[in-house]
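Please look over the sequence and the model first.

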Amino acid sequence: MRQPFIVDRSRDHDFMQQALVLAEQGAALGEVPVGAVLVQGGEVIGRGFNCPITTFDPSAHAEMVAIRDAARAVGNYRLPGTTLYVTLEPCSMCAGLIVHSRIARVVFGATEPKAGVAQSQGRFFDQLFLNHRPLLEGGVLAQACGQVLSAFFSKRRG
């Protein structure tokens with residue numbers, strides 16, 4: 001029998017800070033600065049930042065990279081009992097992967113008004129057809145997460 005998932009918010013800021021560091025690494029490579037970490041039992045099991053430009057892979061969003069990293073680390077494509085921390089609200093592609101990998105909880109920083117599907121557009125995770133629905137929490141270090149993005153695009157435009 002599967003153990004119930006217990007939400008532990010005590011280290012949310014710490015893990016989101018780690019995701020922000022990854023976002024900065026992506027920015028240094030010219031990628032849109034989004035970072036993600038996947039946590040299980042208080043330990044980071046997957047890390048990623050946006051890298052579709054440098055890898056020539058349109059699916060290489062931070063969430064995708066972190067989830068792939070974690071799946072390889074644990075040797076399973078299912079990741080129950082995990083929490084994904086991502087600096088930006090997930091898009092539809094990443095939301096689908098979150099469901100298929102059975103991530104228990106998603107914590108994001110800044111909202112994405114144009115393409116975010118957790119709360120900004122469509123509320124994907126509330127759809128009745130889904131066979132898995134993660135717990136969702138937005139706004140963790142939202143100002144810091146948004147600032148990294150704003151600074152990146154301001155620099156790019158300027």
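What percentages of helix and strand does the chain have over residues 10-120, and how far apart are the end C-alpha atoms? Over that stretch the chain is 39% helix and 23% strand, and the end C-alpha atoms are 26 Å apart. The model is predicted. According to UniProt, in an unreviewed entry, residues 10-120 carry the feature "domain: CMP/dCMP-type deaminase".

**The largest pocket**

- The largest pocket holds about 340 Å³ of space.
- Its lining is made up of 20 residues, and Val32, Val34, Asn50, Leu88 and Glu112 are those that lie nearest the centre.
- By type, the lining residues of the largest pocket comprise 12 nonpolar, 3 polar and 5 charged.
- At least two residues of this lining come from helix H2 (52-55), and at least two from helix H5 (142-157).

**The second largest pocket**

- The volume of the second largest pocket is about 240 Å³.
- It is lined by 14 residues, with Ile6, Asp8, Gly41, Gly42 and Thr83 closest to its centre.
- Strand S1 (35-40) and strand S3 (82-88) are the elements that give two or more residues to the lining of the second largest pocket.
- The lining residues of the second largest pocket are 6 nonpolar, 5 polar and 3 charged.

**Asn50, a residue of the largest pocket**

- Asn50 is found in the loop between strand S2 (43-49) and H2, and it is among the residues that lie nearest the centre of the largest pocket.
- With a relative accessible area of 10%, Asn50 counts as buried, because this value is under 20%.
- The side chain of Asn50 reaches the backbone oxygen of Val32 at 3.3 Å.
- A polar atom of the Asn50 side chain also lies 2.8 Å from the backbone nitrogen of Ala62.
- Leaving aside residues up to four places away in sequence, Asn50 touches Gly26, Glu31, Val32, Val34, Ala60, His61 and Ala62.

**Leu97, a residue of helix H4**

- Leu97 sits in helix H4, which covers residues 92-100.
- Its relative accessible area is 23%, so Leu97 is partly exposed, a class that runs between 20% and 50%.
- Although Leu97 and Met64 are 33 residues apart in sequence, their C-alpha atoms are 7.4 Å apart in space.
- Leu97 touches Met64 and Ile67, when residues up to four places away in sequence are not counted.

Notes: Residues are numbered from 1 along each chain as its sequence is written. This is a predicted model: local features need pLDDT of at least 70, side-chain atom pairs count only at pLDDT 80 or more; totals for chains, interfaces and linings use all residues. Side-chain values use heavy atoms; hydrogens and water are left out. On a 1 Å grid over the protein atoms alone, a cavity is a set of points where a 1.4 Å probe fits but cannot get out, and a pocket is an open set with protein on both sides within 12 Å along at least five of seven lines; lining residues have an atom within 4 Å of a point. Grid points are joined across faces, edges and corners, and a volume is the space filled by probe spheres set on the points. Helices (H or I, at least four residues) and strands (E, at least two) are DSSP runs, numbered from the N terminus. Ala, Val, Leu, Ile, Met, Phe, Trp, Tyr, Cys and Pro count as nonpolar, Asp, Glu, Lys and Arg as charged, and the others, Gly among them, as polar. Buried means under 20% relative accessible area, exposed over 50%, partly exposed in between (1.4 Å probe, protein chains only). A polar contact is a pair of N or O atoms within 3.5 Å; within protein, one must be able to donate a hydrogen and the other to accept it, and residues adjacent in sequence count only if both atoms are side-chain atoms. Contact means heavy atoms within 4.5 Å. UniProt positions are given in the numbering used here, feature names are shortened, and annotations may be inferred rather than shown by experiment.
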